[in-house]
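Open the model in your viewer and keep the selection tool at hand. The stops below are taken one at a time.

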2 protein chains.
Amino acid sequence: MESLRHFFEPDRVALIGATEKFGFGYGHTKTLVDQGLGDRLFLINPSQPMILGKKTYPRISEVPSDVDLAVLLVPSAVVPSVLRECAAKGVKAAIIESAGFAEIGPEGEKIQEELRVIAQKTGLRIMGPNCVGLANTSNGFLTTATTKEAMKPGPIGIIAQSGVFGNIMMDCGPEQGVYFSKVVTLGNRCDVGESEIIRYLGHDEQTRVIALYLEGVQDGGRFQSAVGEVAPHKPIVVLKSGRSPAGKAATASHTGTLSGEEDIYSGAFLQSGVLRVENIQELFDLSKSLALQPIPRGSRVAILTTSGSLGAMTADMCTDLGLPLAQISNETIRAVSDGAPPWMNVKNPLDVGPSGLLVKALRALMRDPNVDSVIGIFLIPWTAVQAFENRGVEVDHLFHELSEFQQEGFDQKPFLFSVVGKRELRAAALRVLGGRIPIISSPENAARALASMVRYQQRYPQ
Amino acid sequence: MESLRHFFEPDRVALIGATEKFGFGYGHTKTLVDQGLGDRLFLINPSQPMILGKKTYPRISEVPSDVDLAVLLVPSAVVPSVLRECAAKGVKAAIIESAGFAEIGPEGEKIQEELRVIAQKTGLRIMGPNCVGLANTSNGFLTTATTKEAMKPGPIGIIAQSGVFGNIMMDCGPEQGVYFSKVVTLGNRCDVGESEIIRYLGHDEQTRVIALYLEGVQDGGRFQSAVGEVAPHKPIVVLKSGRSPAGKAATASHTGTLSGEEDIYSGAFLQSGVLRVENIQELFDLSKSLALQPIPRGSRVAILTTSGSLGAMTADMCTDLGLPLAQISNETIRAVSDGAPPWMNVKNPLDVGPSGLLVKALRALMRDPNVDSVIGIFLIPWTAVQAFENRGVEVDHLFHELSEFQQEGFDQKPFLFSVVGKRELRAAALRVLGGRIPIISSPENAARALASMVRYQQRYPQ
């Protein structure tokens, strides 16, 4: 665990293969130089005395102080010798961002095997190769270029096997209200693998949910044991590719991974209590639901909607997923019916239409002992929003009452909210509510996320 | 058919229950007044002599010229008598936007039955009640408020049972590059139903694809026969809710619809050749794929990607959906390998990474006799886009080569393109390519859309 700390909170960092030439390595160099490490950063380049206004050193051995983390951008063929130099210098951890290892075939595999042996013999910990390293939003340390908004601290820890995948999660997260604690990319995993990082994030206070993209696990036994240790107190979400023969063949040439047999994986995932998703969108939706909302105590769902159509479709989806629709209590029916327009039929799904009674109904459902969780669906035509705006009511205001209500606390019941309509409407919901209420991409995905939360509760009763 | 023309291309329109008071009816009134119908529009209101600067008439019978379409906003209880007046005046078609009919129970059902009888006895055609009417982008006629961009003419004809659902399709379509020919909302369908509209849109030259949201069909036999007539030359996409008992109960109180047995529907849909989708996003993705691309001649898919991870996941998805991955021909392998970087492995999925060879590879795949269709996946971290921008290359430029290529024509093979990354990247793809290449919300949905296109080809060999 302590050895991993050097990756996330290094005292001194050397960038080996620093460059200011446009192309591979430039973004990494600029990123490291720009993050204010000052004299804790050393650029290594044997042929250029200055890079981006900073003095360089020809080799790591000539750096005049201790270095705990080295980031390597040099070609694969020279990586082993550079690593040996690092080990000799007393470097504790190395991130290898270069490609050209197991993913290109037997030749690269041979070099990668050398790295593994170096790690084993010297105790130098290696992340990669063929990765982009990591980002730690709590101290602002990162080894790959990303946007400023992606570095806003949040509760979700990402472990991605593919480097680019890590980048894309950071690109797409913020526009959906998903923010990260740490983002770790593992690449070909010649040494550090997902199991260790799961344990590390299990202890990380900033991380409330761990989400993984894997093409295959590095070591089944270690994975099971790491998950068994962490999952009971911190949910783990997994997106795994390589389920089919065609997908497996694809992962082999991508990160040199044997994706293994789908049956074994799905059995092992189920047993170990990790929550599996099928795509990036589901990964975001489930992760933020877990991060922002409590785990439900049971499976009975209430659907609260301003659209009858979407209420019906969501009821279908809940049924498909094995989530029973809650039998709303008489007290709730009385509370919601009181003062409601005559067309409103208080049942589940509860369609409040344009009555403006969404929050009143939500309050009643949250108090209802027959209800374990609520899916909210808010649909309003943009022209209705414009009509409000013409009367001086801003679009953000549509979500203020809900925002105030949720600050009262949600009574240990998860509330997942899907806003359907023009992008500007969804953006307003995210702006006003996104920090506390998960705004889910679609009502179907709210049902999917909830089904996973219920599975988690069944596996690890709270 | 001729009787339906009065809904879409009315000569003279009366709005009964016109109002300038904020609330129900205001938006409809303003919409009709603002669309420039001039003296072809008559506002009916017995208590206000002027509305939005326009003279009103106390009743339809006092309008001094013929009227072919009446739009009713009056309370349900008075709708029957107003309809009788319309019939007496010689009005040909009526859209009833008021609610309070079968969807509220037996009392409303009774009034709705009266409407049905009026239609039957007088020949007055009725759309609704409990709908928002329609929009016809080719002449700009619309009976519900919507945004200006939603009225930009396009190839997709929408039939929505729920009025609000029609509004939302129009709100969300343009931001995804989905544009409409006609949007029709049917509500409780006391007279005009989806089967007639399917036939009408089947003959409509502006409509290339028909997409329906249904809670249940009005008449199974008529639906089958309409679909049998239209689907062979114009694809029909259906989103149907009320699959589960809980969903069925929800639709009953929403539009007074009996959703029927799922088994019967799924069997009938399969047989009739309609393409079923599970949610709004799939409806958009499939509809635009069908509208913009040819039907594939077979099922063999090539996956062309800049991301190994997403290539593998999409291969999994294709396998799940029964789409075999094409065996790329030796000629294609030679053509793409020539000049490719050494790490590039020419197979299927074809991961071109950051080589810049996407279009070259696409050209080869389009010519490959072993390939029936291509799914393209474009993923690029935003910081890479920014690095291009810093060198004066605009984000739009990333798609120019593809834009030029697609103008050469796609050789009767569909190409579905998914762009994964920051919103601005997706927006650029839509801006540059969206008019000709369907930009699909995710690689999984590209696989889903393609699977539906293959099913269509199998049902109706081209």
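Begin with the crossing of two helices in chain B, H11 and H17, which is right-handed. Bear in mind throughout that this is a predicted model.

Select residues 308–320 of chain B for H11 and residues 443–459 of chain B for H17. The two helices pack at an angle of about 30°, and their axes are 9 Å apart. Angles under 35 degrees count as roughly parallel, so H11(B) and H17(B) are described as roughly parallel to each other.

Now show the side chains at this contact. From H11(B), pick Leu310(B), Met313(B), Thr314(B), Met317(B) and Cys318(B). From H17(B), pick Pro443(B), Glu444(B) and Ala447(B). Sorted by class, the residues of this contact are six nonpolar, one polar and one charged.

Next, bring chain A into view. 57 residues of chain B are in contact with 57 residues of chain A. On the chain B side, select helix H5 (163–172), helix H8 (245–255), H11 and helix H14 (382–390); each supplies at least two residues. Which helix gives the largest share of this side? It is H11(B), with nine residues. By class, the side of chain B that touches chain A has 23 nonpolar, 24 polar and 10 charged residues.

For the last stop, select strand E10, residues 153–160 of chain B. E10(B) is mostly covered, with six of its eight residues buried. Then label Ile159(B), which stands opposite Val184(B) in E11(B).

Methods: Residues numbered from 1 in each chain as written. Chains lettered and ligands numbered in written order. Predicted model: local features only at pLDDT ≥ 70, side-chain atom pairs only at ≥ 80, totals over all residues. Axes fitted to C-alpha atoms, helices over the stretch in contact; angles between N-to-C directions. Helix = DSSP H or I, 4+ residues; strand = E, 2+ residues; numbered from the N terminus. Parallel < 35°, antiparallel > 145°, perpendicular 65-115°, else oblique. Left-handed = near helix turned anticlockwise from the far one by under 90°. Contact = placed C-beta atoms within 7 Å. Nonpolar A, V, L, I, M, F, W, Y, C, P; charged D, E, K, R; others polar. Buried ≥ 20, exposed ≤ 12 C-beta atoms within 10 Å, placed from the backbone. Pairing = 2+ DSSP bridges.
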